[in-house]
Structures are given as structure tokens and as C-alpha cells.
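Here's a quick tour for anyone opening this structure for the first time. Have a look at the picture, then read on.

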Amino acid sequence: MTSRYTFGGDEHILVEIDEEMSLEAFFKSLSMTNAVRDAAIKGVTEICPANASYQIKFDPDIIHPDDLMSELKSMDKSDSQGESKLNTRIIEVPVYYQDPWTHETVMRFRERHQDPDSTDIEYAAKINGYESVDDFIKAHSGSPWFVGMVGFVAGLPFLYQMVDRDRQIQVPKYLTPRTDTPKQTIGFGGSFSSIYSVRGAGGYQMFGITPMTIYDSSQQTSYLKDFMVFFKPGDIVKWKPINREEYDQILAKVEAGTYQPKIREVTFDLEAFNQDIDATNAKLLETLNAS
């Protein structure tokens, strides 16, 4: 991978690791942003890793843009391979697929969709070759997902499916974006899944909703007392299908301040993953489900 460096206005440098998303590109981005953070370069004010790129914000009155560019390129050469192991966490996220709230929104915006005669999840199942929505849900929830970046709006994670390319789900975004999306909707666009952290406009297909709060600016949620954003790049997510009764029970616990997401600490090895994807995923899920 050969990185491409460009200036973004007077205060940003954008570094594109690769033209396509891969875990290798993510790990390279993660390695470089960690290196920049550890270097404590005077004038650097913000470091933003993404799926296959990263952006550095700086104060040009403290460090000259050309000097920072040269320093980043030098660090890139000394770290050409990037990291291959990551100490992270795997998290179970409950999902109420085909819930009534996203369904109402789905039907409200059918004229903006590729297939107005079906729902988003029916359309996704059909174009990905699944015989039924249930089969599609099994595929969507059956393997882990890697959080490649968090952003666009506060706390929104973009998740990359941890399977080989031939099995990756792909669904286009709406033809025209919606003006409404329920908070905590499980969305999908291109090859990425996401969770809408707040209510608002959006163009991703809508498959369901989670009762689990992932962003709380007031930090009143029991598991968000330390930081208002739940997810961070490198997290691994396992969707867990739930029904309406389970949704209501979890939501009540969230609102009462007694809900704790199911989280396990894990070490993710990229080399081992590439050698045997299914075996690596099975180990991750075994760790998640261990008592």
C-alpha cells in the first residue's frame, strides 16, 4: 500500500492509505495515528483515524505545513508494515430486526428507494441472493463486525463485516437521502453497517433498531459515565437478534440505569484472521459467550 498525502485547507493533512477498505488498510491507519499521538508533535491538535485513511489537524502558526507533511512521510516509511495485533473488545449489540419504528420510516420514504414495492431488508435479501429475510438476518448477525471508524455524526460507528469478500453483504444507499431516521437504527450502505447514534437524515438502508444507547451527551447512561461515545475504532461487534419483548426489557434497563452491555476483552490477530477467517471468528464468539 502506498499512502497518498494531500492538504485539506490550511489546517489539515489527509492521508489515504488505500483506495478500498480492508482490515490491512485500517491497521495501517491505526498504526500511523498511534505513532503520531505517541510522537506528541507540537502543533498537532487533532488526530482522526478512518477506515482506510486518517486526517491530522494542526496549527500552522506552530508547525509549518510542509514540515508536518515531511514528518508524517518519514514516520510512514519507518512503519511500512503497520500493526498486526490489537488489544480490543468484542461487544454484543442486541438488534430488533424489522421493528415497527424503522418500518414506519421505511414506508414513509418508499419513493426515494430503488425498490418501492419491498422493504429495505427484503430488498437487501433479494439482491444478495438470500431466499428469505430470515436467511439474510442470519448472515447479517452471524459473523462479527469490525468498527473501522466513528464519526460523521457524534458516536456513529461504521462497521466492516469480518468475512471473506465473496460473502460480504453489499447494498446501495437510498437513491435520495431521507429526512428522518430513528435514533439507534441499524443501517447499511455499500459494504458498511452502522448504528445511527441520533435521530436525523440518512441514506442507509434500515434493517432494525437497538435498545442500547451508544451516544449520550449528558452522560447519564450507566455505561457512558466516563465518555459520551460508546464505540471506538477497533471494537468488534456481534449483532444479537431479539424480539419485541426482549427489546422492551433491555430498554427498560437502559432507562433505569441497570443495563450493562456484554463485553469481553480480546486480542485480534490480523495475520491469524487472514490465514483462517472462520476459525478466528469462532474463537472471538467463544470468548464473547464464555461465562
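Let's start with α2, which lies across β1, β2 (12-16), β3 and β4 and runs at about 165° to β1. Helices (H or I, at least four residues) and strands (E, at least two) are DSSP runs, numbered from the N terminus. Contact here means heavy atoms within 4.5 Å, while axes are lines fitted to C-alpha atoms, for helices over the stretch in contact, with angles running from 0 to 180 degrees between N-to-C directions.

Before going further, keep in mind that this is a predicted model, where local features need pLDDT of at least 70, side-chain atom pairs count only at pLDDT 80 or more, and totals for chains, interfaces and linings use all residues. Residues are numbered from 1 along each chain as its sequence is written, and side-chain values use heavy atoms, with hydrogens and water left out.

- Four strands make up an open sheet in the order β1-β2-β4-β3, and the pairing is antiparallel.
- β1 (4-7) and β3 stand at the edges with a single partner strand each, so one side of each has no neighbour in the sheet.
- On average, neighbouring strands of this sheet are turned by 15° against each other, direction ignored.
- Two strands count as paired if DSSP finds at least two bridges between them.
- β3 (residues 44-49) and β4 (residues 53-58) pair in the antiparallel sense over five bridges, and a hairpin of three residues joins β3 to β4.
- Within that pair, Val44 has Phe58 in β4 as its bridge partner, and Glu46 stands opposite Lys57 in β4.

**How the two helices pack**

- α1 (residues 23-39) packs against α2 (residues 65-78) at an angle of about 125°, with their axes 11 Å apart.
- That makes α1 and α2 oblique to each other, because angles under 35 degrees count as roughly parallel, over 145 as roughly antiparallel, 65 to 115 as roughly perpendicular and the rest as oblique.
- α1 passes α2 in a right-handed crossing (left-handed if the near helix is turned anticlockwise from the far one by less than a right angle, right-handed if clockwise).
- On the α1 side, Lys28, Met32, Ala35, Val36 and Ala39 meet Leu72, Met75 and Asp76 in α2.

**Strands around β11**

- β5 (residues 85-97) and β11 (residues 236-241) pair in the parallel sense over six bridges.
- β6 (residues 145-150) pairs with β11 too, in the antiparallel sense over two bridges.
- Ile236 in β11 has Ile90 standing opposite, and Phe146 also stands opposite Ile236.

- Thr181 sits in the loop between β7 (157-161) and β8 (185-189).
- Is Thr181 buried or exposed? At 0% relative accessibility, Thr181 counts as buried (under 20% relative accessible area is buried, over 50% exposed and in between partly exposed, with a 1.4 Å probe and protein chains only).
- Leaving aside neighbours within four places in sequence, Thr181 is in contact with Tyr196, Val198, Arg199, Gly200, Ala201, Gly202 and Met206.
- The side chains of Thr181 and Arg178 make a polar contact (2.9 Å); that term means a pair of N or O atoms within 3.5 Å, where within protein one must be able to donate a hydrogen and the other to accept it, and residues adjacent in sequence count only if both atoms are side-chain atoms.
- Glu104, found in α3 (residues 100-108), is partly exposed with a relative accessible area of 41%.
- The side chain of Glu104 makes a polar contact with the side chain of Arg108 (2.9 Å).
- Glu104 and Pro182 are 78 residues apart in sequence and 9.8 Å apart in space, C-alpha to C-alpha.
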